[in-house]
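Reader: I am new to this structure and would like to be guided through it. Could we look at it together, one topic at a time?

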Amino acid sequence: TERWAALVNDKGFGLGIHQPSCVSFLGGFAGKPGTGGPQDNPTGYIAPIRREILDHNIQHSYAYTLIVGDLESIRRFVYEKSAKLTPPNDRFDTSRKGWITHNCQDTGWPIRGELDVRLNGPDPQLVGPETVWSTVDAPTLHIHAAFTTQDTQAEVFVTTLDDDGKPITSSVSFPINGDGVFRTYAVDLASNPRYLGTAIQLRLDPVPQGGPKDRVRIKSIGFAKPK
């Protein structure tokens, strides 16, 4: 929930990394601990991670901040520089906002005001980036989209965390109109009793089984109602 990680010594002093778009981090040690020096192979590592689609012609940039200090000063620096995490509100004006496709393809880069996705595979899915929000603050998800399909139901999956921090996935189905016209669909996630506590990821299944003519165009997905 704080979007940073650090490697420190026994006194709590070391190196922290902060990346405001990432809530997942890898960390570990390569080689034999307690051996080697600054120019040797044994290495401790930490890395913020997030999945992205990298098109052949995309220009993708990212940044991170390295902070040297003790844990208290690293955390204080991050708090001073970070905005509070809020429920997702993704408008696809010029980018995918970290959403990726599975068993389907969008029309590629650049993104111009919408995700235009061909639903031509088995169980096509659009998967949102990992983040963190409170389900209490976000009962209803709004999807501004145009579906072209013979199907009449779509489904939203949400991953939440249980009391031990283990992920739990639940879903809510909602009716769609497949005539290709843009509409705002309000999905009552709170109707599922498992939608509780801390949520970390959204997934949209536009159709249960894709076909050669199935398609969805999405302008926004989020918990703020589109104006």
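**A guided conversation**

Author: Let us begin with Pro110, which is found in the loop between β8 (105-106) and β9. Please note that this is a predicted model.

Reader: What is the peptide bond from Trp109 to Pro110 like, cis or trans?

Author: The bond from Trp109 to Pro110 is cis, and its omega is near 0 degrees. As background, most peptide bonds are trans, and most residues other than glycine have a negative phi.

Reader: On that note, what is phi for Arg3?

Author: Phi of Arg3 is near 65 degrees, which is a positive value in a residue other than glycine. Arg3 belongs to the segment before β1 (4-8).

Reader: Is Arg3 buried or exposed?

Author: Arg3 has a relative accessible area of 10%, and buried means under 20%, so Arg3 counts as buried.

Reader: And what about phi of Asp123?

Author: Asp123 is not a glycine either, yet its phi is positive, at about 50 degrees. Asp123 sits in the loop between β9 and β10 (125-127). With 31% relative accessibility, Asp123 is partly exposed.

Reader: Let us change topic. How many residues does the largest nonpolar core have?

Author: The largest nonpolar core has 32 residues. Among those with the most contacts inside this core are Leu141, Val156, Phe174 and Ile221. Several strands each supply at least two residues of the core, including β9 (115-118), β13 (153-161), β14 (167-175) and β17 (215-222). The largest share, 4 residues, comes from β12.

Reader: Which residues is Leu141 in contact with, leaving aside its neighbours within four places in sequence?

Author: Leu141 is then in contact with Val156, Tyr185, Ala186, Val187, Leu189, Leu202, Ile221, Gly222 and Phe223.

Reader: Now for the charged residues. How many salt bridges does the structure hold?

Author: The structure holds 11 salt bridges. In general, side chains of opposite charge can pair when their charged atoms come close. One of the salt bridges joins Arg96 to Asp55, with their closest N and O atoms 2.8 Å apart.

Reader: Where in the chain are Arg96 and Asp55?

Author: Arg96 is in the loop between β6 (89-91) and β7 (100-102), whereas Asp55 is in the loop between β4 (43-49) and β5. The pair links distant parts of the chain, 41 residues apart. Both Arg96 and Asp55 are buried.

Reader: Which residue does Asp116 meet in a salt bridge?

Author: The side chain of Asp116 meets that of Arg215, at 2.8 Å from N to O. Asp116 is in strand β9 and Arg215 in strand β17, and 99 residues separate them. Asp116 is buried, with a relative accessible area of 10%, whereas Arg215 is partly exposed at 27%.

Reader: How about Asp179 and Arg183?

Author: The side chains of Asp179 and Arg183 also meet in a salt bridge, at 2.8 Å from N to O. Asp179 is partly exposed, with a relative accessible area of 42%, and Arg183 is partly exposed, at 28%. Elsewhere, salt bridges that share partners join Asp55, Arg96 and Asp106 into one network.

Reader: One last topic, the surface. Which residues form a nonpolar patch there?

Author: The patch is formed by Phe13, Leu15, Tyr62, Tyr64, Leu66 and Val68, which together have about 680 Å² of accessible area. Strands β2 (13-18) and β5 (65-70) each supply at least two of its residues.

Reader: Where is Leu66 placed?

Author: Leu66 is in strand β5.

Note on methods:
Residues are numbered from 1 along each chain as its sequence is written. This is a predicted model: local features need pLDDT of at least 70, side-chain atom pairs count only at pLDDT 80 or more; totals for chains, interfaces and linings use all residues. Side-chain values use heavy atoms; hydrogens and water are left out. Patches are made of residues with over 30% relative accessible area and no salt bridge: like charges are joined within 9 Å, nonpolar side chains (Val, Leu, Ile, Met, Phe, Trp, Tyr) within 5 Å. Accessible areas come from the Shrake-Rupley method with a 1.4 Å probe; for residues, only the protein chains shown count as cover. A salt bridge is a side-chain nitrogen of Lys or Arg within 4 Å of a carboxyl oxygen of Asp or Glu. A nonpolar core is a set of buried Ala, Val, Leu, Ile, Met, Phe, Trp, Tyr and Cys residues joined through side-chain atoms within 4.5 Å. Buried means under 20% relative accessible area, exposed over 50%, partly exposed in between (1.4 Å probe, protein chains only). Contact means heavy atoms within 4.5 Å.
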